[in-house]
Amino acid sequence: MHEGHRGRMRERLALHGDSLTDHELLEILLFEVIGRKDTNPVAHRLLDSFCDLQGVLSAPPRLLCTVAGIGPRAAEFVFLVGCFLRSVRRERAPRPRLYSFEEARAFAEGRFAGVAAEKLEVYLTDEEGFLLCIKSVTGEQADRVALSERELGYILGEVRPKGVIVAHNHPSGVAQPSAEDDAAAAAIGRVCRAHGARLNDSIICAGKETYSYYGEGRL
């Protein structure tokens, strides 16, 4: 019974994570350290003991262990999650914004500075150009790298960005795109359109040279 319930809760987390209640989030979190046991009552007891989710994640392990169902390992895990969240709040910096041609080019140049082997990166942005995540691909060969349309489609389907910027480097030091680069940019554009995203630029970095399909009016 518990395995079926846990499977359903994990499915809800994947599909509707933002709508889960605090006790449901705690219940799922405790799956990782409490095996073969209903963690729902334990989650309720934690919230009752420490008032709210912030209180639970701020409590030291010795106090967490006073709650029935919480042992040293579970207490350490819950406290560790709280430490991560506090660290994120302290060190959180604004997400990079790649809204303009200049911003995108400078960001790509910084990412590829000093990279010897050929590498490809996909920058996924929201409607205001703020970076959601980066997908990096390194080729098995030093002078060739590729991202399949299938893999790109999967990424776009999961992240659902509004904008996409592709960047890769030419270790040769020549930024001029090849026919293969042109074909890849066209294919990426088609996949983006199929997923409701816009290909905002395809950038090639080659040492001190940078080529932009957007800057050259080729998108």
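**Cores and a pocket**

Beyond its neighbours within four places in sequence, valine 56 is in contact with Leu26, Leu46, Leu47, Phe50, Leu64 and Val78. Please keep in mind that this is a predicted model.

Where does this residue belong? Val56 is a member of the largest nonpolar core, which has 18 residues. Together with Leu30, Leu46, Phe50, Leu64 and Ile70, Val56 touches the most other members of that core. At least two residues of the core come from each of helix 2 (22-30), helix 3 (40-50), helix 4 (53-58) and helix 6 (72-91). Which helix gives the largest share? That is helix 3, with five residues. As general background, nonpolar side chains in soluble globular proteins tend to be buried together.

There is also a second, separate core of 15 residues. Among its members are Val122, Val137, Val164 and Cys192.

I turn now to the second largest pocket. Its space amounts to about 280 Å³. How many residues line the second largest pocket? The lining consists of 17 residues, and those nearest the centre are Leu98, Tyr99, Ser100, Arg198 and Asn200. Helix 7 (101-112), strand 3 (163-169) and strand 4 (198-206) each supply at least two residues of this lining. Strand 4 contributes the most, namely three residues. By class, the lining of this pocket comprises six nonpolar, five polar and six charged residues.

Thank you for your attention.

Technical notes: Residues are numbered from 1 along each chain as its sequence is written. This is a predicted model: local features need pLDDT of at least 70, side-chain atom pairs count only at pLDDT 80 or more; totals for chains, interfaces and linings use all residues. Side-chain values use heavy atoms; hydrogens and water are left out. A nonpolar core is a set of buried Ala, Val, Leu, Ile, Met, Phe, Trp, Tyr and Cys residues joined through side-chain atoms within 4.5 Å. Buried means under 20% relative accessible area, exposed over 50%, partly exposed in between (1.4 Å probe, protein chains only). Helices (H or I, at least four residues) and strands (E, at least two) are DSSP runs, numbered from the N terminus. Contact means heavy atoms within 4.5 Å. On a 1 Å grid over the protein atoms alone, a cavity is a set of points where a 1.4 Å probe fits but cannot get out, and a pocket is an open set with protein on both sides within 12 Å along at least five of seven lines; lining residues have an atom within 4 Å of a point. Grid points are joined across faces, edges and corners, and a volume is the space filled by probe spheres set on the points. Ala, Val, Leu, Ile, Met, Phe, Trp, Tyr, Cys and Pro count as nonpolar, Asp, Glu, Lys and Arg as charged, and the others, Gly among them, as polar.
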